[in-house]
Amino acid sequence: MFLGLDSSTQSLSAVIIDTDTGTIAHEDSVNFGAELPHYGSPSGFIPGGVAGEVHADPRMWIEALDLLLSRVGKAFDLSQVTAIACSGQQHGSVYLDDSFSDRLAALDPAQPLVDQLAPALTRATSPIWMDTSTGEDCAAIAASLGGNEEVCRRSGSVAVERFTGPQIRRFHRLDPAGYERTRIIHLVSSFIGSILAGKNIAIDHGDGAGMNLLNLHSLDWDQDLLDATAPGLRQRLPLPAAASSVAGELAPCFVKKFGFSDLCVVALSTGDNPSSLVGMGATSPGTCVISLGTSDTFFAAMSGAVTDPNGFGHVFGNPAGGFMSLICFRNGSLSREALRDELGLSWADFDESGLSATPAGNKGQVMLPFYGPEITPRLDFTGPVRNFPVDAPSAVQVRALLEGQFLNMRLHSQWIGEKPTLIRLTGGASKNDGIARLIANIFQAPVERFAVANGAALGAAIRAAHACGADLASLTAAFCRPAENSRIEPDTSLAATYDAALGHFQALLADH
Ligand code: ADP
Ligand code: XUL
């Protein structure tokens with residue numbers, strides 16, 4: 001049995017796989033907003049941040065770990081688990097003082113984890129991937145390297161607001177004393193993995209590439225990028241390492257508290273998107289994954305070394321070796337939920353039943369579907385833009401929003417240079433048949449979905465088994481199978497309709 005954990009924006013999820021039978025043995029999830037309401041973060045982050053700041057309380061992630069493991073431990077015999085691996089929302093960072101490693105080594109099963117670890121935090125809140133507050137820092141990093149092209153050549157991305165390096169630079173700028181007290185900076189994924197291992201663990205090449213600090217040629221921290229970010233940063237970062245490594249034994253606290261075996265080990269963590277690449281069986285080029293979570297992401301294993309000339313797309317380490325592309329669309333479920341709530345609709349209105357009221361292409365009516373700042377493309381909107389009246393019927397608005405989202409995705413994934421031949425969908429909205437069909441038609445490629453909704457947690461469980469020596473190809477063959485009747489073929493008669501719709505979308509975008 002192998003346990004995968006995914007600490008995402010809105011929840012912490014667990015998936016346990018049984019590699020003997022090729023089945024999912026257990027699944028559970030803690031929703032931060034609903035189950036830990038005392039952190040005042042209904043959607044997993046602290047609302048009301050100013051000047052683009054979006055932070056979350058790292059104590060919430062720690063408390064969720066205690067809560068989830070206690071629940072899973074009651075329903076499932078955790079002594080059967082051979083190894084654990086974690087996945088986490090990318091880019092988010094946790095800042096800790098010199099007491100952190102001693103605290104990790106001395107975790108007491110009789111006390112809540114959060115009470116023991118929170119005193120080590122040197123930054124009370126953690127910037128997360130939705131944060132856009134670091135424009136000044138990105139500009140300074142790019143200038144220091146002689147331009148964004150060089151930042152992208154080294155790190156796989158131009159300097160990006162949500163990436164960890166610019167976030168660290170801002171922290172040093174605004175709170176130099178807090179930075180000075182900081183001894184170690186973790187990503188969300190390596191933070192959760194370190195708690196489980198009872199020691200600081202390395203940062204893998206998949207999540208590490210989302211920092212604007214890792215040199216993808218040397219797979220080491222890039223000294224010029226470190227220097228452009230903050231002084232003494234190398235000493236404050238864990239070493240970078242390949243995701244397939246075992247980090248160490250599970251800390252004794254978890255053995256005593258939740259009934260794990262004292263032989264259980266912890267594999268290195270990775271980001272939620274690299275983890276989903278594994279969980280969706282897409283570690284080889286050809287299949288692309290679209291994840292419909294809080295953000296929407298588009299990613300695929302890469303066969304060639306290309307970067308996005310427009311600077312919106314990224315290159316990360318592929319946990320199976322080599323590299324992967326990733327493009328993140330900030331207004332994913334956030335926009336779908338906003339329109340649903342604004343018009344008093346339900347998800348049925350976004351599904352086959354609701355979408356059947358309007359034709360593909362929406363008669364040229366399209367929306368720039370951004371309810372908040374967007375990062376692909378970079379736009380500062382605080383509301384959507386329509387090329388049709390704002391009081392149009394709800395069904396027209398829903399189709400315009402959804403088609404706008406996936407036309408935008410098609411447009412901004414063209415730099416990868418490979419048209420997807422198969423799309424695998426994951427994330428909360430992937431169960432929506434209407435959305436799945438629309439994606440098949442817009443991309444003109446078949447869409448498959450899996451029975452396990454959380455591809456990132458499944459990917460973590462598979463990586464845990466792989467780190468212990470199991471063959472990755474056999475694992476993905478056993479676990480990454482589409483659910484029965486989940487495949488949707490594209491309607492090829494709509495290819496021209498969506499080529500035209502892409503033109504309408506581009507025209508509206510060009511006006512803004
Ligand atoms: P994250 O991993 O970012 O926390 P999830 O992948 O769990 O997010 O997705 C959660 C989101 O899925 C919800 O916020 C909701 O907007 C969306 N969702 C759930 N069910 C549906 C549905 N039937 N149709 C469309 N969206 C849905
Ligand atoms: C990727 C990104 C998001 C987060 C949260 O670059 O910012 O997808 O990983 O899921």
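I count a polar contact as a pair of N or O atoms within 3.5 Å. I keep that cut-off beside me while reading this predicted model.

**Entry 1: polar contacts of ligand 2**

I started with D272. A polar side-chain atom of D272 lies 2.5 Å from an oxygen atom of ligand 2. I then checked H91, where a polar side-chain atom is 2.6 Å from a ligand 2 oxygen. Q90 reaches ligand 2 through its backbone: an N or O atom there lies 3.0 Å from an oxygen atom of the ligand. Next I looked up cover. Ligand 2 has 290 Å² of accessible area on its own, and the protein covers 95% of that.

**Entry 2: the shell of ligand 2**

I listed the surrounding residues. Q89, Q90 and H91 are there, along with W129 and R162. D272 and N273 follow, then S295 and T297, and finally L326 and C328. I sorted this shell by class and got six polar, three nonpolar and two charged residues.

Which secondary-structure elements each supply at least two residues of this shell? I found helix 13 (272-279) and strand 19 (323-329).

Why does ligand 2 lie between domain 1 and domain 2? Both domain 1 (2-274) and domain 2 (281-451 + 482-512) give residues to its shell, so the ligand lies between them. I also checked the pocket list: the space taken by ligand 2 is the largest pocket.

**Entry 3: polar contacts of ligand 1**

I moved to ligand 1. An N or O atom in the side chain of E337 is 2.3 Å from an oxygen atom of ligand 1. For S8, I read 3.0 Å between a polar side-chain atom and an oxygen atom of the ligand. N432 meets a nitrogen atom instead: an N or O atom of its side chain is 3.1 Å from that ligand 1 nitrogen. How much of the accessible area of ligand 1 does the protein cover? I noted 78% of the 590 Å² that the ligand has on its own.

**Entry 4: the shell of ligand 1**

I found 14 residues around ligand 1. S8, T294, E337, G428 and N432 come nearest. By class, the shell holds nine polar, three nonpolar and two charged residues.

Domain 1 (2-274) and domain 2 (281-451 + 482-512) each provide at least three residues of the ligand 1 shell.

Definitions and conventions:
Residues numbered from 1 in each chain as written. Chains lettered and ligands numbered in written order. Predicted model: local features only at pLDDT ≥ 70, side-chain atom pairs only at ≥ 80, totals over all residues. Heavy atoms only, no water. Near = heavy atom within 4 Å. Polar contact = N/O pair within 3.5 Å; in protein donor to acceptor, adjacent residues only side chain to side chain. Areas by Shrake-Rupley, 256 points an atom, 1.4 Å probe, with all protein chains shown as cover. 1 Å grid on protein atoms, 1.4 Å probe; cavity = no way out; pocket = protein on both sides within 12 Å on 5 of 7 lines; lining within 4 Å. Sits in = over half its atoms within 2 Å of the grid points. Helix = DSSP H or I, 4+ residues; strand = E, 2+ residues; numbered from the N terminus. Nonpolar A, V, L, I, M, F, W, Y, C, P; charged D, E, K, R; others polar. Domains from an automatic or database assignment.
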